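Here is a short briefing to read alongside the sequence and the 3D view. Please keep both open as you go.

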Amino acid sequence: MAPATSHATPVLRNAATARSSGTAAISGIPVVQREPVTVDAGFKAALDRGEWVSAVAYLAGRTQQDVDQLVNNLPHCESLLAAVRNDQHHVRGMLLICGFKLAKGNDWSKAARFISTLDDTGIDNTLALLTSDLEVKQLAKGARNTPGGGDDRLLSRIVARLRKSAGQLFGTLVATGSMPRQGVKHAWSFKADEAYKFHMDITFTPDPDVVEATNIAFVQTMSLLKTGTKTSKEDRKHISDRLNSEKQGIDRADYSKYGWYGQREDQKFNKTPTSGVSEGSVVGGNVIPAMLTDEPEGAIESTTWSYETSVIARAGKDAGLVYGVVTWGFVVDDKLQMTAIEPKYRNRPTADFASAVDAWNTQATKDPTTPGQKPLLPAQRSVASDAPTVQRERALPPQPVLGPPTATDAGGRARFGMALQRSVGNAATGLLLSSVQRCGSRVHGDCGCAEQRSIQDDIAIQRQQGPFGMARNEFLSMERKAVLATIQGLPMRDLLPKLAALPANVRTDEAAGQASGGPRLVVAMRAVAAKGKPWQPFVESEAGMLSGLPPDQIGDVVQFLGGSADYGYLKADQIHHPEHGGKFDGSVDPVGGLVTLFFRVQFDTAAVHWGPAAPGTPQAEQEARAGRAKFEADFKRVVESTWSFKGKIKALCPIGKVAAFDTKVVVTVVDADEHTLFHAFSESAEGRSNAGGGEGNLKVGGTEEGKPRTRTVSDPTGKRPVEVTTVQAPAAHEFGHAIGLSHPHCKGSDDDCYGVTAEERRDIMGAGNLLQVIRRGKKAPHDDFAPFEAIAKRWGEDRLTGAMAKCNTWSPA
C-alpha cells in the first residue's frame with residue numbers, strides 16, 4: 001500500500017454537482033417550520049382532572065404530527081396510555097415515545113420497556129433520539145434489567161449502534177483456550193491411558209460507564225456427555241442430583257457450599273495458574289478485571305465437554321445482573337484426542353443455564369450435598385413490575401368523554417360533531433369520525449390494520465359515519481390529492497422542500513399521495529416526516545420503497561435528511577462483477593465509514609405445512625400467517641446478525657478521514673422485485689437447502705443453528721489430521737451463496753468443498769459461522785467480504801476520479 005502522505009486529501013465528486021454545477025446544496029434550502037399546535041382548553045382541563053379517556057379521545061382526532069407536539073414531554077404519558085384503545089395506533093405510538101423521553105436518564109429500565117413496545121421502525125426512530133454512546137449503553141443496561149433480560153429486537157439494534165459483538169455490552173469479554181496435553185490411548189496394553197488436559201482463561205474487563213459493581217465473579221455450568229447422546233459421564237459425587245434435562249449442572253465439587261466458581265468455604269476467592277477466580281470490580285472509576293481459569297482433564301473417550309460461563313455482579317448496585325456469557329468446551333475422540341469448540345459469546349444466559357441454577361438452589365434448600373450449601377443468586381435479578389401499560393385491560397371509572405357516541409344516538413353524534421369541529425377543526429373531525437385503522441411504524445403487537453378489516457367492519461363504519469360522512473371524507477381526500485398533484489412531478493431535490501412546506505394533514509395523507517404520485521411521492525412524504533432524525537435508520541427501514549427510485553433520487557433523499565452529498569446508492573444492475581453483480585443493491589457512506597449491502601428476498605411458502613391444523617381450515621390459515629411472519633423475521637435476524645459488522649474493508653489509500661469501512665447487511669422481505677426467491681419447505685421434506693442464480697430452497701428450520709458437527713480435517717501443514725466442531729444456521733450460509741460466494745475449498749456440493757482444513761470448515765461458507773479471508777501465501781482464494789468490496793469499487797468508479805482513481809482497489813482491512 002502506498003503511504004497516505006503521498007496523496008493529497010481526496011476531493012470527492014458528488015452526483016448533485018455532476019447534474020448541475022453551481023446549484024445550491026439541498027441542505028442549504030430553508031425548511032418551513034410548523035406553527036405550534038394550540039392546546040384546546042378542553043384537552044387541558046381533561047388532563048388537569050385526570051380524565052384520561054377524554055384526553056385520549058381528543059388526541060385521536062389530531063394528526064400524528066400534532067399529537068407528537070401535544071404530548072412531547074407531557075408528564076401524563078403513562079396515565080394516558082392506560083386509556084388508549086387498540087385502534088388508536090398513532091396516539092399510542094406518540095405516548096410511548098413521550099414516556100421513553102421522560103424515563104430516559106431517570107429510569108432506564110422503564111425507558112427500555114417503553115421503546116420495546118414499539119415496532120421495528122419505531123424502535124429505530126426512538127433509538128435515534130439518544131445522542132451519545134453513554135445513553136445507548138445505559139439503555140442496554142435498562143433493557144437487560146427488564147423481565148426476560150430485554151427485547152432481542154432492541155438489544156440487537158443497540159449492539160449494532162455501538163458496533164459491538166454479543167457479550168460485549170458491559171465491557172470486554174475474552175476467552176482463550178489451549179490444549180496443553182492430548183491424551184494417549186494404550187490399546188491392547190496393561191498400561192493405563194494417559195489423560196488429556198484443556199486450559200481455559202476468561203477475562204472480563206468492565207466498562208466503568210455502565211458497570212456498578214463492587215464485586216464481579218463467575219457462575220459456570222458444565223455437561224459431560226457421551227458424544228452424540230444425552231448420556232452423562234459425570235462421575236462427581238452428588239452432581240447427578242442437580243443436573244437439568246440437558247444433563248447440565250453448576251460446575252462445583254460436591255463439598256462446595258457456594259455455587260460461585262472458585263469460591264472457597266471461607267467465602268473468599270483464590271486463583272492459581274490452573275484454576276480459580278480473581279474477582280473484578282468498578283469502584284470510584286477504578287477498574288479491576290474479573291478473571292477465571294479452568295483446567296479440566298480426564299481420560300474418558302468419545303465425550304463432549306460443554307461449559308457455559310456467566311459473568312455476574314455479586315455485590316453493588318448491579319448485584320445479580322449478568323454482564324456477558326461465553327460458551328466453550330472440547331470434544332474427545334476414541335483415541336483421547338481433543339478438538340476445541342470455538343468460544344461463543346452471548347448477551348444473556350441460555351434457558352438451560354437458568355434451569356441449572358434452579359436445580360442448584362433446589363438442592364441447597366431441600367437436600368444439600370454438604371452442610372451449609374447456599375443458594376445462588378437467580379440468573380437475572382428481578383425488577384419492579386411497573387412496566388408501562390400499553391393496552392386498557394381493566395374498566396376505567398365513568399368520566400366525560402370527547403369520543404363519538406354510539407351510532408344509535410343520532411342527536412349525540414350531531415352535538416359531538418359540532419363540538420369537535422369547534423375544538424379541533426373540520427379536518428380533524430373527519431379523521432376521527434372516519435374510523436379507518438392504519439398500522440404504521442409505531443406499535444407492534446395487537447394492531448388491527450385496515451388491510452385486515454372485514455366487510456362487516458366496513459359496513460359498521462359506514463353506519464357510524466352517517467349518510468354524509470363518506471362524502472365529506474371523499475371531498476377532503478380530493479382536496480389533498482389536488483394539492484399534491486401540483487408538485488408531485490418536481491425533481492426529488494425540489495419536491496422534498498415543497499412537500500415539507502405543506503400543511504401536516506396534506507403531507508401525511510399517504511393514500512392521497514399514492515393516488516397522486518405513486519410510491520415515489522409516498523416515500524418522499526415519509527422522508528419529510530423523518531426530517532430531523534438520523535437518516536440511516538430511515539434508509540434501512542424504507543429500503544424496499546427507496547429501491548424503486550433512481551440512485552440519484554435516493555441520494556437526494558439522503559442529502560435532504562442530513563446525509564453526505566457523496567453518499568452513493570448502487571442498484572444491482574450497476575454492480576458489474578463476475579460473481580456478485582446483479583445479486584444485491586449496495587451503498588457507501590464515506591463520512592460514516594460504512595458499506596451496506598441491501599438484499600431483497602421473497603419467500604414462496606406454498607409447500608410448508610405450518611402446524612397440526614387440517615389444510616383449508618381457519619386454524620390452518622392462522623398457523624400459516626403466524627408461522628410465515630416468524631420465519632421471515634428470523635431469516636432477517638440471523639442473516640443480519642451473522643453478516644453485519646464482522647470485519648472492515650479498505651481502499652488502497654484512506655478516503656477522507658476514513659481509513660477502513662465497516663460492513664453491514666440489511667434484509668428486506670418483499671412481494672416482488674426480489675434479488676432472490678427462496679422456496680421454503682417443511683423440516684420433514686427431503687433434500688438440502690441451496691441457493692444461486694436468484695433462486696434457492698430453504699427449510700423453515702434453517703433460520704436457527706443446527707447441532708454441532710464434528711469432522712476430521714487437516715492441520716495447516718496438511719500432514720496431520722485434526723477434528724473440528726462447528727455450528728451454523730443454514731439461512732446465513734445460503735445467503736452467502738445468494739450474493740455470489742462459493743464454498744471455501746471448491747465449488748460444488750461435495751463435503752470436501754465445505755473445507756478440508758479447520759480454517760475452511762469454520763468459515764460461514766463452510767460449515768461454521770465465521771466471516772474471514774482465507775489466505776494461502778500471498779493469495780486469498782476465499783474472501784467473504786468480496787461482495788462489500790464490489791459495492792465499494794463500483795462507488796469509487798463514480799467518486800474517486802483523477803488522482804484518486806488509483807485508490808479504488810479494495811481489500812479486507
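The notes below cover aromatic rings, charges over rings, a helix and a strand residue.

This is a predicted model, in which local features need pLDDT of at least 70 and side-chain atom pairs count only at pLDDT 80 or more, while totals for chains, interfaces and linings use all residues. Residues are numbered from 1 along each chain as its sequence is written, and side-chain values use heavy atoms, with hydrogens and water left out.

**Aromatic pairs**

- Rings of Phe, Tyr and Trp (its six-membered ring) pair if their centres lie within 6.5 Å; planes under 30 degrees apart count as stacked, over 60 as edge-to-face and the rest as tilted.
- By this rule there are 19 aromatic pairs.
- Tyr-196 and Phe-330 make an edge-to-face pair, with 6.2 Å centre to centre and 75 degrees between the planes.
- Because Tyr-196 belongs to strand E2 (residues 196-206) and Phe-330 to strand E11 (residues 322-332), this pair ties together parts 134 residues apart in sequence; strands here are DSSP runs of at least two residues, and helices (H or I) are runs of at least four, numbered from the N terminus.
- Both Tyr-196 and Phe-330 are buried, where buried means under 20% relative accessible area, exposed means over 50% and partly exposed lies in between (1.4 Å probe, protein chains only).
- Tyr-307 and Trp-328 form a stacked pair, at 4.0 Å centre to centre and with 5 degrees between the planes.
- Tyr-307 sits in strand E10 (residues 303-315) and Trp-328 in strand E11, so their pair ties together parts 21 residues apart in sequence.
- Tyr-307 is buried at a relative accessible area of 4%, and Trp-328 is buried at 2%.
- Ring pairs join Tyr-196, Phe-198, Trp-305, Tyr-307, Trp-328 and Phe-330 into a cluster.

**Charges over rings**

- A charge sits over a ring if NZ of Lys or CZ of Arg is within 6 Å of the ring centre and within 35 degrees of the ring normal.
- Arg-314 lies over the face of Trp-260, 5.3 Å from the ring centre.
- Lys-531 lies over the face of Phe-560, 4.4 Å from the ring centre.

**Helix H3**

- Helix H3 (residues 52-60) has eight of its nine residues buried, so the rest of the structure largely encloses it.
- Among the buried residues of H3 are Val-53, Tyr-58 and Leu-59.

**Thr-676**

- Thr-676 is found in strand E18 (residues 676-681) and counts as buried because its relative accessibility is 1%.
- Beyond its neighbours within four places in sequence, Thr-676 has contacts (heavy atoms within 4.5 Å) with residues including Phe-599, Arg-600, Glu-695 and Ala-738.
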